[in-house]
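Subject: Structure for you to look at

Hello,

Here is the structure I said I would pass on.

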Amino acid sequence: MAEIHTHPGTARLWSRIDKPWAFVVLIPVLVWVFDPPAALPTVTGALSSFGHTLPFILFAVSAIGFLKATGSEALLARAFQGREGRMIVLAALAGGLSPFCSCEVIPFIAALLAAGTPLSAVMAFWLASPLMDPAMFAITAGGLGFDFAVGKTLAAVALGLSGGLAVMMLKNTSLLTDPLRPVSAKGCGCGPSPFQGAPRWRFWTEASRLAVFRDAAITNLLFLGKWLMLAYLLEMLMVRYIPADAITGIVGGPGAGPILIAALVGAPAYLNGYAAVPLVAGLMEQGMSAGAAMSFVVAGGVSCIPAAVAVWALVRPRVFAAYLGLALTGAVLAGFAWGALVA
């Protein structure tokens, strides 16, 4: 059999291509090739949805820029001071407000654990942080409704609280003793720790902070733009080509089955929290139940690759397993609670 070799130049070119933007271009081309009448509706539908979400995107990137430029993230460090119970509550609340990328969390959490901060408070932050932040709230409210965004926020805080309390009760067991891997905490190229210094609210008076605001806003606008446009294109394909009966039969209707299935498939089907919003909207349009939708976004958010890698990089496998177990349990309970509330 002849061997197939990849040309080095082709491999280098592919590695430099931004994959989400590439698929944003490729999807309409493929639809035009295989189903020409569907090409224009696919593009116009995706653009219409993107335009509807644009005000929320602009608010989200402005909020991120403000948090970065003022250094107000430093206030979150206070959540990890005081008594353990207080730390768990504040860490769960802070997790729903922190605008960090997954790699920014790693050196901060490593420093806390190395300094002796209880694993219970760290777990509360870790469980809540991937699920909600100001930008996520704006995008979720725009795509799935304000009520769903509030519900997901409450689910994030509740998951953090319950996970933190569970770890506190088990802290003296062999499962959770000596949680850290024997590695040193190093940065990851995301810049200096945001937990240093005091906030400067009048950031526009300092050129350096104004530049931070501009850079953060532009970077996140491009990030959100590419992922949401890709997600809206995928939503158009899903609505057009996947029969509604198929979705309803798997994750639609009452009962525990759809919620459990949604939690289990949340991680492998999750692109990222922002791209998940239009995909879940499309699934709900096809018949996905409200409880399954909540279970999907909670399980996917906590156990998606970036969030899970941040935990795996620092803790031993048994602690990582506890993290996943708490995440999936919390996702299922959130699905039941939201389904009952909506019903």
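A definition to begin with: a helix axis here is a line fitted to C-alpha atoms over the stretch in contact, and angles run from 0 to 180 degrees between N-to-C directions. Please keep in mind that this is a predicted model.

Helix packing

Helix α7 covers residues 134–144 and helix α8 covers residues 146–169. Their axes come within 6 Å and cross at roughly 140 degrees. Angles over 145 degrees would count as roughly antiparallel, so α7 and α8 are oblique to each other. The crossing of α7 past α8 is right-handed. On the α7 side the contact is made by M136, F137, T140, A141 and L144. On the α8 side F146, F148, A149, V150, K152 and T153 take part. By type, the residues of this contact divide into eight nonpolar, two polar and one charged.

Aromatic rings

The structure holds seven aromatic pairs; two of them are described here.

One is F148 with W338: the ring centres are 5.8 Å apart and the planes stand at 85 degrees, which makes the pair edge-to-face. F148 lies in helix α8 and W338 in helix α15 (residues 317–342), so the pair ties together parts that are 190 residues apart in sequence. F148 has a relative accessible area of 3% and is buried. W338 is buried too, with a relative accessible area of 13%. F148 also belongs to the α7 contact listed above.

The other is F203 with F213. Their ring centres are 5.2 Å apart and their planes at 25 degrees, so this pair is stacked. F203 sits in the loop between α8 and α9 (207–241), while F213 is in helix α9, and the two are 10 residues apart. F203 is buried, with a relative accessible area of 8%, whereas F213 counts as partly exposed at 23% relative accessibility; the cut-off for buried is under 20%. Both residues are part of a cluster in which ring pairs link F66, W201, F203, W204 and F213.

A buried serine

S120 is found in helix α6 (residues 119–128). At 2% relative accessibility, S120 counts as buried. What does S120 touch, not counting residues up to four places away in sequence? The residues are E84, I88, G164, V167 and M168.

Regards

Technical notes. Residues numbered from 1 in each chain as written. Predicted model: local features only at pLDDT ≥ 70, side-chain atom pairs only at ≥ 80, totals over all residues. Heavy atoms only, no water. Helix = DSSP H or I, 4+ residues; strand = E, 2+ residues; numbered from the N terminus. Parallel < 35°, antiparallel > 145°, perpendicular 65-115°, else oblique. Left-handed = near helix turned anticlockwise from the far one by under 90°. Contact = heavy atoms within 4.5 Å. Nonpolar A, V, L, I, M, F, W, Y, C, P; charged D, E, K, R; others polar. Phe/Tyr/Trp six-rings, centres within 6.5 Å; stacked < 30°, edge-to-face > 60°. Buried < 20%, exposed > 50% of the residue type's maximum accessible area, 1.4 Å probe, protein only.
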